[in-house]
Amino acid sequence: MPKGSYSAEQIQVLQGLEPVRKRPGMYIGSTDSRGLHHLVHELVDNAIDEAMAGHCTEIIVSLEKDGSVAVEDNGRGIPVDIHKQTGRPAMEVVLTTLHAGGKFGGDDSGYKVSGGLHGVGSSVVNALSSHMRAEVFRDGKVYMQEYKQGKPVADMKVSGKTEKRGTRVSFKPDPVIFDATVFSMSTLMTRLRQQAYLTRGVAISVLDARSERPEEDKELPRLYRFYFEGGIAAYVEHLNESQECIGSPIWFEHEASEGYVEVALQYSQSFQEHVVSFANNIHTSEGGHHLTGFKAALTRTINAYARTQGALKEKEDNLTAEDVREGLTAVVSVRLKEPQFEGQTKSKLGNAEMKTAVETVVNEKLAQYLEEHPAEARGVVAKCLLASRARLAARAARDSVIRKGALEGMTLPGKLADCQSRDPSECELFIVEGDSAGGSAKQARRREFQAILPLRGKILNVEQSRLDKMLANNEIKALIVAMGMGVGEVKEVGKLRYHRIVIMTDADVDGAHIRTLLLTLFFRYFVELLDGGHLYIAQPPLYKIQKGKDVRYVFSDVEKEKMLKEYGVKGEIIEEGGENIEEEVQDTEKTVKIPHVSVQRYKGLGEMNADQLWDTTMDPEHRTMLRVTMEDAERANAAFTTLMGPEVAPRRKFIQTHAKTVKNLDI
Ligand code: TTJ
């Protein structure tokens, strides 16, 4: 079969659409407004693929009077010939079966948007529609088939004559499936505009023909046409609209063996960095190898140029990656045959070969640009040097804070109850929350090798703070001084005074928060301690269960229930209390009395007496501690960034999604 011709032979694994209607969320993520709009993009992606293959220049999305949406292109049309495996027209197979692999034409030579991150296929749209009509215009004829809930109403037929060429698919989302079935033109436009920027030379129009429009659409014109001859260069121009720019956007493309690479960039006098990356038109918000390659090449090329021009003197250090990205706006777009999407939100490009592919192109083309545009090149280098000088000044200020501060002087903080030993390999530092827990821990500890540092209140949120500001915080300074290894550029792991650093917080929400803050601090500034296995989390018990002289400590509710069963007492009885109370446990409101057995719940470390704290939590012979591993920290890092970073929206989302898993809420 010659390349570029098409037939219906390559559809591989076929499956009906029943599972889609049973569990729509599995296929389109959700059945809310987001999932609803996803249906449109699913169809548009097919048309974009046809455009990327070079066969389509116009895509029209229309919101019809009857609540349906139509997507039409002027491509070659979905194949209508008979698919050998099933004996049905290819169009029917494409729209009524879940086809693994997503290839329904003979033409799999190109890069595809559909079948990428969300590409579940147009049949999924069909399954979730109360009604769908597909039309293919080719060879002067209109081939047409209609469906209800994904099932053909009749065989495909020739329904008329036409001069047109292309595909038109219209559908009405099934109200049985979706919470709401009203489309928002403004929502659709955001993504369609982006797609138009990314697919240079293709026009994407949106037409609103509805008589009733939702509130957010009422002010909008009824017709938009997104067409950007400049593609991503126009995108960069648009992003930099309100900035004072250095020259026009730089644009280049290259068809490498690993895939297609396209880059546009422009510097402005802003201090922000705005670099966005895409793989097969899908926004890779978590970056990936294409972005890594871009950044590496940028740093290398600008440094090389600055050196040959003498802008960087021999004895001066190279510009850092951050220096060369200050004021940069860039779009990096790659297309590849088999994109791998990884990461927390599956939006990180995992194909390692794209690093070199992008790096090589950018090295070459950017160097060439700088050579050919000396005026712009001077502007760019000047901007980067400015960023570098600002960074050096900030560092000097920070160093002086460190030198002037208590760190070098080594005056240990007053509230540290240090241990006697000076052999770090046997020394332990317990970081405890609050003075009262600190008091218990001081009584409980073995002073020969255990030191206690009580921290008051919530320590600073380090994710958002710079090092200098962080060092102004007394709690953090005390901790850093106690550990003895310094911080930032004067850090020396060899000077660590304790080889075990133990975070010991209460088993409640506040404790968890302080633990997260501490982990953030360690992850950001003392990653060596994680690598070296020096960081631990203490495991104080949740309950003390006592029957006569027999005392047991348990660390979870499950363990508690198990223990009580062993004693022949059921959980419910405990809650109700009972007769024959023989024992009373003092010191707590939460004492529950039952025959012979008492259960005490520890709300905080302060509620344990020194002996109990030693026995259960601090005694190396009996305690369990969790060692914080790099893997924990890596996993935590994502949470840190979401929870602690400056962006509010993702944090709210994280909290909403995880709220149910926060147990032991201390109300
Ligand atoms: C497949 O490979 C051979 C040539 O035609 C290719 C194809 O299917 N092209 C195509 C599909 N163009 N447009 C579509 C399409 C457009 C919409 C709006 C919806 C769907 C499901 C497909």
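Me: Two strands pair if DSSP finds at least two bridges between them; how many bridges join E15 to E18?

Reply: This is a predicted model, in which local features need pLDDT of at least 70, side-chain atom pairs count only at pLDDT 80 or more, and totals for chains, interfaces and linings use all residues. Strands (E, at least two residues) and helices (H or I, at least four) are DSSP runs, numbered from the N terminus. E15 and E18 run antiparallel, and the number of bridges that join them is eight.

Me: Which strands stand at the edges of the sheet?

Reply: Five strands form an open sheet with mixed pairing, and their order is E14-E15-E18-E16-E17. Each edge strand has a single partner strand, so one side of it is left without a neighbour in the sheet, and the two in question are E14 (245-256) and E17 (282-283).

Me: Which residue is the bridge partner of Glu 262 in E18?

Reply: E14 and E15 form a hairpin with two residues between them, and nine bridges join these antiparallel strands. Within that pairing, Glu 262 of E15 is the bridge partner of Glu 253. Towards E18, the bridge partner of Glu 262 is Ser 333.

Me: How many residues of strand E15 are buried?

Reply: Buried means under 20% relative accessible area, exposed over 50%, and partly exposed in between (1.4 Å probe, protein chains only). Strand E15, residues 259-268, is largely enclosed by the rest of the structure, because the buried residues number 10 of the 10.

Me: Is Asn 281 buried or exposed?

Reply: Asn 281 lies in the loop between E16 and E17, and although it is not a glycine, it has a positive phi of about 70°. Its relative accessibility is 1%, so Asn 281 counts as buried.

Me: What is the angle at which H14 and H15 pack?

Reply: Helix H14 spans residues 474-483 and helix H15 spans residues 509-525, and their axes, which are lines fitted to C-alpha atoms over the stretch in contact, are 13 Å apart. The contact (heavy atoms within 4.5 Å) is made by Ile 476, Leu 479 and Met 483 of H14 and by Leu 518, Leu 521 and Phe 522 of H15. The two helices are therefore oblique to each other, a class left over once angles under 35 degrees count as roughly parallel, over 145 as roughly antiparallel and 65 to 115 as roughly perpendicular. H14 and H15 pack at an angle of about 55°.

Note on methods. Residues are numbered from 1 along each chain as its sequence is written. Side-chain values use heavy atoms; hydrogens and water are left out. Axes are lines fitted to C-alpha atoms, for helices over the stretch in contact, and angles run from 0 to 180 degrees between N-to-C directions. Two strands pair if DSSP finds at least two bridges between them.
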